[in-house]
Amino acid sequence: MWADVVVDVTTDQIPRPTRVHVNMDHWDPGAETGKHTHPGPVVFVMLDGELEETLADGTKRTIKAGQAYWKPPRQEHNVKNVSGRPARGLAVHLDPAR
């Protein structure tokens, strides 16, 4: 057994109390989320395929299988499958509990 570290973050952005919500997100080729935000931070792990994320300021990043990132709360973004094959990722949402 071994481990590859894909996210290592020290943060004060996790709300208390916290609602932990985990999604297995799926994108068909060309599919996109549309511009949106999340109320709490998100840990995202790309499992299959390739996505392009565009932030409100126009900054773009490509996310490939095996990569992961930390998304701060309330950051507007759009995620699109720019490849010709399906994409899949695991999103762990750490939202303020209501």
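Is His-93 buried or exposed, and what is the relative accessible area of His-93? His-93 is buried, with a relative accessible area of 7%, where buried means under 20% relative accessible area, exposed over 50% and partly exposed in between, for a 1.4 Å probe and protein chains only. The structure shown is a predicted model, in which local features need pLDDT of at least 70 and side-chain atom pairs count only at pLDDT 80 or more, whereas totals for chains, interfaces and linings use all residues. Residues are numbered from 1 along each chain as its sequence is written, and side-chain values use heavy atoms, with hydrogens and water left out.

View 1. The chain has seven strands and zero helices, the assignments being DSSP runs numbered from the N terminus (helices H or I, at least four residues; strands E, at least two). The radius of gyration of the chain is 14 Å, which agrees with the value near 13 Å that a compact globule of 98 residues would have; the radius is taken over C-alpha atoms, and the globule rule is 2.2 Å times the number of residues to the power 0.38. Along the principal axes, the C-alpha atoms fill a box of roughly 40 × 40 × 20 Å. Buried residues account for 29% of the 98 residues. Of the contacts (heavy atoms within 4.5 Å) between residues at least 6 apart in sequence, 77% join residues at least 24 apart.

**View 2. His-93 in strand β7**. Leaving aside residues up to four places away in sequence, His-93 touches Arg-19, Val-20, His-21 and Asn-23, together with His-38, Pro-41 and Val-42. Asn-23 lies 70 residues from His-93 along the chain, yet the C-alpha atoms of these two residues are separated by 8.0 Å.

**View 3. Asn-81 in the loop between β6 (77-80) and β7 (87-96)**. Although Asn-81 is found in a loop, this residue is buried, with a relative accessible area of 1%. A polar atom of the Asn-81 side chain lies 3.3 Å from the backbone oxygen of Trp-27, the cut-off for a polar contact being a pair of N or O atoms within 3.5 Å, of which, within protein, one must be able to donate a hydrogen and the other to accept it, while residues adjacent in sequence count only if both atoms are side-chain atoms. With residues up to four places away in sequence not counted, Asn-81 touches Trp-27, Asp-28, Pro-29, Gly-30 and Ala-31, as well as Glu-50, Leu-51, Pro-86 and Ala-87.
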